[in-house]
Amino acid sequence: MTRLVGLVGKANVGKSTFFAAATMKSVEIAGFPFTTIKANRGVAYVSAKCVCQELGVKDQPVNSACIDGVRLIPVEVVDCPGLIRGAHQGKGLGNQFLDEVRRADALIILCDAAGATDENGQPVASGTFDPVDDVQMFESEFTLWLLGIIKKDWDKIVRTAEAAREEVGKYLEEKVTGLGINRMHISIAIEKTGLDPYKVRSWSSEDLNRFVSELKKASKPFIVAANKADKEPAEDNIKRLREFGYNVVPTCAEAELALRKAAASGIIKYTPGDADFEVIATTLSETQRKALEFIRGKVFKRWGGTGVQKAINAAFYQLLDAINVYPVEDAEKLTDHWGRVLPDCYLVPKGTTAKQFAGLIHSDLAEGFIYAIDAKTKRKLGEDYVLKNNDVIQIVSAKGRK
Ligand SMILES: Nc1nc2c(ncn2[C@@H]2O[C@H](COP(=O)(O)OP(=O)(O)O)[C@@H](O)[C@H]2O)c(=O)[nH]1
Ligand SMILES: [Mg+2]
């Protein structure tokens with residue numbers, strides 16, 4: 001699976017702070033590819049319990065890292081330009097915004113949970129702006145933009161599909177692949193609306209709007225990061241966002257950034273995602289002490305953490321339905337070709353089969369696929385076996401490495 005999460009939202013809600021925190025390396029992790037790819041694109045990671053503990057082995061991670069039994073798997077994050085109303089007509093950095101967003105597989109919509117930032121990113125008194133508007137603005141701008149693109153060629157798509165007596169998805173797909181939308185997303189949207197894909201001419205313009213809105217939902221799933229959750233009246237606004245049915249993670253990006261910096265300079269022990277941190281420096285300045293106290297009180301006691309790692313994990317494990325699978329070359333020893341224990345962990349979509357997994361590792365492995373072995377049970381698995389989370393899999397293939 002491609003793995004790109006877009007951070008979106010209006011100006012001043014904390015996107016860049018979130019990005020800096022998520023892509024900052026806080027502790028020395030050997031070989032871990034933390035990098036900034038472009039100014040606004042960098043590597044973060046998802047974290048999940050590693051199978052090393054369950055299997056009672058010491059692992060030697062290669063494509064990922066393992067800290068105290070937690071596997072960290074690299075993913076990409078993009079800090080998108082601030083969204084303003086009218087972006088779909090090119091207002092502000094509208095075109096650039098949509099250009100970044102279309103590459104993303106899933107989105108984290110950030111908003112100011114304290115309601116202290118207006119639509120243009122200007123500071124206002126806490127509690128005066130409704131963060132629900134932020135989410136709705138994104139939904140409406142993106143849908144209008146998508147609708148604009150589809151409408152441009154709609155008549156032609158309808159004619160071609162009708163003439164070929166085929167369903168519309170086949171012809172629409174070509175128009176929208178560049179937007180990160182595939183045939184499956186189209187099928188889901190058609191099913192959700194209950195429209196007939198063979199009788200597109202009978203779709204009303206209202207039908208088309210509904211279809212595009214579903215297409216957006218299917219192709220750009222999002223969670224809401226209710227950022228600045230350290231400020232009042234975050235609690236009320238978060239409740240309100242949840243009442244609207246949004247999947248909300250309260251976050252405090254500023255605290256996460258401060259903690260990663262403090263961990264990097266040896267002041268605290270903190271692994272992102274932890275529900276607490278431990279002060280290890282023997283002396284703290286008054287400012288440091290106060291800052292850490294504030295974070296503990298306003299963020300950890302209240303929300304159980306900064307939410308930054310939780311939001312990234314949610315994007316992959318909830319929105320994109322990813323699971324972790326560990327390929328090995330020797331199912332007995334759990335090693336790769338060079339004897340390294342549980343070297344790799346792949347993020348794959350739920351539903352991936354053993355043979356598809358082989359193809360992700362190397363096309364030769366899939367072509368010569370004979371069977372797979374479940375390293376935990378030592379059972380043989382056929383090519384159609386559907387992988388489970390935390391499976392450790394050896395692929396036996398007639399082709400591939402000798
Ligand atoms: N109180 C609080 N302020 C934050 C938080 N995250 C970011 N900020 C502040 O919000 C302002 C805007 O942040 P920035 O990351 O530049 O926002 P962007 O325009 O969305 O990229 C800055 O002054 C940040 O320090 C947070 O979690 N809590
Ligand atoms: Mg920014």
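Predicted model: local features only at pLDDT ≥ 70, side-chain atom pairs only at ≥ 80, totals over all residues.
Residues are numbered from 1 along each chain as its sequence is written, chains are lettered from A and ligands numbered from 1 in the order in which they are written, and side-chain values use heavy atoms, leaving out hydrogens and water.

**Strands and their pairing**

- Strands of a sheet pair through backbone hydrogen bonds, in either a parallel or an antiparallel way.
- Here, two strands count as paired if DSSP finds at least two bridges between them; strands (E, at least two residues) and helices (H or I, at least four) are DSSP runs numbered from the N terminus.
- Ala 372 stands opposite Ile 395 in β15.
- Elsewhere, β3 and β5 (residues 70-79) are an antiparallel pair with nine bridges.
- Lys 49 faces Val 70, which belongs to β5.
- β3 (residues 41-49) is mostly covered, with eight of its nine residues buried (under 20% relative accessible area, 1.4 Å probe, protein chains only).

**Around ligand 1**

- Ligand 1 is surrounded by 15 residues (each with a heavy atom within 4 Å), and the closest are Asn 12, Lys 15, Thr 17, Asp 230 and Glu 254.
- By type, this shell holds four nonpolar, five polar and six charged residues (Ala, Val, Leu, Ile, Met, Phe, Trp, Tyr, Cys and Pro are nonpolar; Asp, Glu, Lys and Arg are charged; the others, Gly among them, are polar).
- Thr 17 has a polar side-chain atom 2.5 Å from an oxygen atom of the ligand, and a polar backbone atom of Val 13 is 3.2 Å from an oxygen atom of ligand 1.
- In the side chain of Asn 227, an N or O atom lies 3.2 Å from a nitrogen atom of ligand 1.
- Taken alone, ligand 1 exposes 590 Å², and the protein buries 74% of that (Shrake-Rupley method, 1.4 Å probe).
- Two or more residues of the shell come from each of α1 (15-22) and α9 (253-264), and α1 gives the largest share, three residues.

Notes: Polar contact = N/O pair within 3.5 Å; in protein donor to acceptor, adjacent residues only side chain to side chain. Buried < 20%, exposed > 50% of the residue type's maximum accessible area, 1.4 Å probe, protein only.
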